[in-house]
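Trainee: I'm new to this one. Could we walk through it together?
Mentor: Gladly; let's open it up and start.

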Amino acid sequence: MKAIRRFTVRPLLPEPLRPLSDLARNLRWSWHAETRDLFQSVDPERWAKSAGDPIRLLGSVRPARLAELAEDRRFLRRLSAATDDLHDYVTGDRWYQTQAQAQSAELPSAIAYFSPEFGITAALPQYSGGLGILAGDHLKAASDLGVPLIGVGLLYRHGYFRQTLSRDGWQQEHYPVLDPNELPLTLLKEDDGTLAQVSLALPGGRRLRARVWLAQVGRVPLLMLDSDVEENDLGERGVTDRLYGGGSEHRLLQEMLLGIGGVRAVRTYCRLTGHAPPEVFHTNEGHAGFLGLERIAELCDDGLDFDSGLEAVRAGTVFTTHTPVPAGIDRFDRELVARHFGPDAELPRMDVGRILNLGMETYPGGEPNLFNMAVMGLRLAQRANGVSLLHGQVSREMFSGLWPGFDAEEVPITSVTNGVHAPTWVAPEVLRLGARQIGAQRTEDALSVGGSDRWDSVADIPDQDIWDLRRDLREQLVLEVRDRLRASWRQRGAGTAELGWIDGVLDPDVLTIGFARRVPSYKRLTLMLRDRDRLMDLLLHPERPLQIVVAGKAHPADDGGKRLVQELVRFADDPRVRHRIVFLPDYGMAMAQKLYPGCDIWLNNPLRPLEACGTSGMKAALNGCLNLSVLDGWWDEWFQPDFGWAIPTADGAGTDPDRRDDIEAAALYDLLEQRVTPRFYERGQHGLPDRWIEMVRQTLTLLGPKVLAGRMVREYVERLYTPAAQAHRTLDPDAARDLATWKAKVRAAWHTVTVDHVETSAATPTAELGTTLALRVRLSLGDLSPDDVEVQAVSGRVDTEDRITDATTVPLKPVGGPDLEGRWVYEGPLSLDRTGPYGYTVRILPSHRLLASGAELGLVAGPSEELVEGAGVLMR
């Protein structure tokens, strides 16, 4: 029989055990081993059945056991110690507070961090892949560092899908309903006890309402908006049904709720709790871009005009792009966006045309009828970044149309390379080995706060200890894989009698490769199958075999990705190799935490440069796993032969995609055959793989400190959040009006700004190294003055097409006032500091003390083609 109504029955904890509830509702337990150990001791069997979820555990413990624990003095002492430790962690000074005391520059009082998904723990399944896991690690690292972050997201009633396989290996999606009352969440309430709500206006007089759930992530509150409330009509209730589900309008409403509703939720939270209001708003990818519109509307309600509000909002906004391909960005039809704003919908006092202009692709190569969320994010943020050095470069090229006239390297998008939250991803056995070496507190600080360039203490760990650890972790993975594989085959319809072979799947003494990630085509799940005979030879080698564990989800609408999954599954089902290669369905955080430590090699073979960063290899590396990867994302930046291998790529523009896959797959097989497997299996004089162990040691020593989320968040604080907060404070209403007025003046007058004549003291087209030339430029500024511009000499080596590379810019100074025709003369030195083909040009940029970059307005004036042809600006 099916229940007609469902309740969540909460346990009534005896008074001495009440602190257990507080510990369960602060998600610090998800990365704090001592707190998890405490919960496990409540009832080890039920802890295992609850998949390590304290809320589920406490809901299932027998009252008799609770009464017993309430009288157990040893348990109560442990409970008191855990409670005190959490209190100290949440209230004590950490890295951020010591920085604030030491620095003259005032750090932000608070930062709001918006993301469409957050991967905090498997017990709160609100993530699909790398973006969400990165956001979760960002919050945890901010908590460990004491950074006053407020997280903002949506609460999806079905989360992301659960994945199973059909008998023939086709991905099947399931969407279990999540009851928020059974999750580690509390509802945000007004002072009178009523539920706090935010509301958005919809076309036709309808409203979209959402309540606000609070997840406490250590010190960091995470606000999650939920539209499944009774006051909403059925359609509006379903807005937060699934992560990345539904059609265009559904996604638009999700993103309006996240951005606009999210700002309103932050204001409500700060009002109710006394939390400092954010000075900086950070949008993690374009999904939350509408937050800028809501903040402009707030300022307009306080008396600012749109342009001034825009400048004030931009000053305090940081935008992070995570995609290296235009197809990865949400784009909406302009009519759809227009319908949801204006007098009959949301932000009624704001001109719809101004809103549309922020997101339209009004640049060469753009689709003029599409509203692009990343373009809006960039136009609404004074500071932007990619997530690795290579991705920053790719992003500058991809978005260069927004800054016409500037070389890609001058586009104002920097990069902060992602990191991972080590306490979440490092196996307890690895932590214990570190604690044995340098002590528990130093280990915790090294992994959470970071700050050192090397972990030299790893050198003191004996080879035998490292090898025993790696073997133990591999054995744990083997047992985990067998359990998951058995469950998967039962879901696929196999009977117990058919599954005896699973007891022989994988071997704890065989080189183990891991490959687990989302399954878009560019990540090339099946590249390893390119030459199946060669792969089989590697898997079944009589002396140097290898084994592979594969996992990954294809997007529900991506049949191409599902075919890749099926192709891999069918190969892994082959009785000849199924003991050496497995596909595990339903990849998620719980599986990942077992998979990374147990693998010897982490494989990554995307199409370069389409991996923005990729962090799974970082998590593996922190557990002593070596990377075997295409030079893309973070691996392009930090690869060294000391701790892994680079798969050669054939990414020339003229390479046929099939041929490219053939070439790169062959390179992968060559590496495995000739370098990777021999090194794993060769033994030194003490019977250990000495060279392999040394690579593990180098990985931990040199790579470990780099890949930490603590390092990443410190970079955000120092390079983006603090400058944004300072700009926010500087741009008070008067300064914002002045800047907006100045920008309007410059844009209106820019067509009259010209470079009219350029001359140097060089008499010949050759010169000696170290020579300094005198450069003289005559130019027109129209209605602008020298205070509005900077005139620059740009020089450097030139390529065969006379393009300046590795440019140096030097400001030129005005000489006297304007002549009778209103022209100005600028002069300055030009130092010839490099040999070979050398060139220079001059240009004029807008200049104002409140600009973050000379390229900010996307305006530049340079010599006309006729002037260039007559100038002879090249030196040989």
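Trainee: Which residues does Arg580 touch, not counting residues up to four places away in sequence?
Mentor: First, this is a predicted model, where local features need pLDDT of at least 70, side-chain atom pairs count only at pLDDT 80 or more, and totals for chains, interfaces and linings use all residues. Residues are numbered from 1 along each chain as its sequence is written, and side-chain values use heavy atoms, with hydrogens and water left out. With contact meaning heavy atoms within 4.5 Å, Arg580 touches Leu506, Asp507, Val510, Leu539, Leu540, Pro545, Leu546, Gln547 and Ile548.

Trainee: What is the nearest side chain of opposite charge to Arg580, and how far away is it?
Mentor: Arg580 is buried, that is, under 20% relative accessible area with a 1.4 Å probe, protein chains only. A salt bridge needs a side-chain nitrogen of Lys or Arg within 4 Å of a carboxyl oxygen of Asp or Glu, and Arg580 has none. The nearest side chain of opposite charge is Asp507, at 5.1 Å.

Trainee: Which backbone oxygen lies 3.0 Å from a polar atom of the side chain of Arg580?
Mentor: Leu539 is already among the residues that Arg580 touches. The oxygen lying 3.0 Å from that side chain's polar atom is the backbone oxygen of Leu539.

Trainee: Which residues does Ile548 touch, not counting residues up to four places away in sequence?
Mentor: Ile548 is one of the residues with the most contacts inside the largest nonpolar core, which has 106 residues. Its partners are Ile513, Met528, Leu535, Leu539, Arg580, Ile581 and Val582.

Notes
Buried means under 20% relative accessible area, exposed over 50%, partly exposed in between (1.4 Å probe, protein chains only). Lys and Arg count as positive and Asp and Glu as negative; His and the chain ends are not counted. A polar contact is a pair of N or O atoms within 3.5 Å; within protein, one must be able to donate a hydrogen and the other to accept it, and residues adjacent in sequence count only if both atoms are side-chain atoms. A nonpolar core is a set of buried Ala, Val, Leu, Ile, Met, Phe, Trp, Tyr and Cys residues joined through side-chain atoms within 4.5 Å.
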